[in-house]
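Please keep the sequence and the 3D view open as you read.

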Amino acid sequence: MQYSESTAEHGTSVSLILISLVVILMSAKLGGALLERIRQPAVLGELIFGVLLGNLSLLGLHQLDYLKTNEGIAILAELGVIFLLFEVGLESNIKQMMEVGLSSFLVALVGVIVPMLLGWGVGAWFLPHSSTLVHVFIGATLSATSVGITARVLKDLGKTTTKEARIILGAAVIDDVMGLVILAAVSGIIKAADRGGAGISIVDVSLIVLKAVAFLVIALWIGSRLSPRMFALASRLNVSGVLLAVSICFCFLLSYLANRIELAPIVGAFAAGLILDPVHYQDFRGRGEHSIEDLLRPISSFLVPVFFVLMGVRVDLKTFADSSILGFALALTFVAILGKQACALAVLEKGLDRISVGIGMIPRGEVGLIFASIGAALMLSGSPVVSSSTYSAVVIMVILTTLVTPPLLKISLAHGDRRKVARAKEGQRIPFTR
C-alpha cells in the first residue's frame, strides 16, 4: 500500500512538471518570437512572458502560482543556467581576450567598479535598514554585462569586425569573468557572515576573493592540460554521443567542484567552457562529429528558456504598488546605464567611437538575472539577501537596460560612422596654396 501511494505521488509530481514545461516552453517561444519581430532579443520575450505567467493571480487566476515554488522546475532552471554559462564560456576565447589589448581590460575594469559603487549607493539610499552586505550584493548585480545580447545586436548591425566591437566584446567577456569572481566573493562573505553572526575581517574577505580567483586559474591551468588527453581517450570509444557526454560530464564536474568550495556552480560551468577548445577534440571532428556548441544547442534551447521564464514568474508586480519600489527600480536602471558610460573614458585609442563602447556595455540580460536569483537564495540573519521587492526591481532594471541598448547602439554607431567619414574627408582636403 505504501509503495502504491508513493508511486501515485511520484506520478502526480512528474505529470505536474510535464504540463508545467508545456506552459513554460510555449510561453518562452511565443514571447521570443514576438520580441524578435520588433528586433529585440528573444530572451526579453521569455522574461516578460514569465512575468505575465507569474502575475495571473492579479486577474483572479491562481492555477500557475505553484511555478514559483515547485522544486522540480527550479532544478531544471538551475541546470539551464549552468548550460547557459557553459555556452558563454565555449564562445569565449582566452587568447582573443588577451589580444584585444589594454583598452578592453580597462573598459571592463571601469565597467565593473563604477556601476557596483553606484548600485551600492542606491541600495543604501533606498534600503537604509538593510545590512551593508545587502547593499554590496545589489551593487554586484550591476557589475557584469550580457555579452550575448551585445554580440547579437552588433551582429544584426553588421559591426562585429569593427575595432569598437572587438573592444566591447572583449571587455564584456572580461567583465563576466570579473563579475563571477565578485559574485563568488560577495556570496562567500555573506555565507560567512550568516554563519558567524558578526562582521568578518579584511583577511577573511581577501581569502574568499583569493579562493575564487585561484579556482578559475587552477581550473584553467589543469583543465587545459587534461582536456586533450580526456578527449583522446574518449575518442577510442566507438559509440555515438561520446563527445556530448564527456563535455557535459566535464562541465558538471567543474560545477560540482566549484560548489564544493562554496562558489556558485556557474563559475565552474563558465571555466569548463573556457577550457574546452576545438583543437582538443579534433579526433571527433575528423570523423564527422559536430562541434560541442552544435551538440549542446538542442539541450540549451530546452533548458535555458526554463530559467528565464522562471525568473520572470518570480517577479511580483504587486510590490510596485509601493511607489518607493518603483523608484528603486528606476534608480537602479539609471545608475546601471550611467555606470557603464564611464567605460567610454577607459578607451585609449584615438579616433574610436567611445560613446558606442559605453552603450554596448549597458545590457545586463542573463547575467543580472543570475545574480538576482542567487541573491534570492542566499540567507542573511534569516532573511533572503534579495527580497521579493528588490528582486522585482532588479528584473525591471534588466528588462529596461536590455530594451534600450539595441536602438541606442544603432543610433550611436550610425552617428559614429558619419563622424569618421567627415574626418576622412577633412583629412583628404588639400590645403590651398598660391
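## Charged pairs

Asp294 has a relative accessibility of 35%, so it counts as partly exposed; the classes used here are buried for under 20% relative accessible area, exposed for over 50% and partly exposed in between, found with a 1.4 Å probe on protein chains only. Before going further, please note that this is a predicted model, in which local features need pLDDT of at least 70 and side-chain atom pairs count only at pLDDT 80 or more, while totals for chains, interfaces and linings use all residues. Residues are numbered from 1 along each chain as its sequence is written, and side-chain values use heavy atoms, with hydrogens and water left out.

The partner of Asp294 is Arg297: the two form a salt bridge whose closest N and O atoms are 2.8 Å apart. A salt bridge here is a side-chain nitrogen of Lys or Arg within 4 Å of a carboxyl oxygen of Asp or Glu. Arg297 is also partly exposed, at 46% relative accessible area. Both residues belong to helix α13, three residues apart, which is about one turn of the helix. An α-helix has 3.6 residues a turn, so residues three or four places apart point the same way. Helices are DSSP runs of H or I with at least four residues, numbered from the N terminus.

How many salt bridges does a search of the whole structure find? There are two. The other one to look at joins Lys318 to Asp316, with 3.3 Å between the closest N and O atoms. Here Lys318 is partly exposed at 45% relative accessibility, whereas Asp316 is buried at 17%.

## Helix α3

Helix α3 runs over 71-91. Its 21 residues reach 30 Å from the first C-alpha to the last, close to the expected 30 Å at 1.5 Å a residue; the expected span is 1.5 Å times one less than the number of residues. Of those 21 residues, 15 are buried, so α3 is largely enclosed by the rest of the structure.

About 690 Å³ of space lies in the second largest pocket. A pocket is an open set of points on a 1 Å grid over the protein atoms alone, with protein on both sides within 12 Å along at least five of seven lines, and lining residues have an atom within 4 Å of a point. Grid points are joined across faces, edges and corners, and a volume is the space filled by probe spheres set on the points.

The pocket has 32 lining residues, with Glu78, Ile370, Ser373, Ile374 and Ala377 nearest its centre. Elements giving two or more residues to this lining include α3, α8 (163-196), α16 (365-377) and α17 (388-428). Helix α3 supplies the largest share, seven residues. By class, the lining has 23 nonpolar, five polar and four charged residues. Ala, Val, Leu, Ile, Met, Phe, Trp, Tyr, Cys and Pro count as nonpolar, Asp, Glu, Lys and Arg as charged, and the others, Gly among them, as polar.

## The cavity

A whole-structure search finds one cavity of 30 Å³ or more, where a cavity is a set of grid points at which a 1.4 Å probe fits but cannot get out.

## Buried loop residues

Two loops are worth a visit. Between α2 (42-54) and α3 sits Asn55, which is buried at 6% relative accessible area. A polar atom of the Asn55 side chain lies 2.9 Å from the backbone nitrogen of Leu317.

Ser143 lies in the loop between α6 (132-141) and α7 (147-156) and is buried, with 0% relative accessibility. Its C-alpha is 5.7 Å from that of Pro115, 28 residues away along the chain.

Conventions: Polar contact = N/O pair within 3.5 Å; in protein donor to acceptor, adjacent residues only side chain to side chain.
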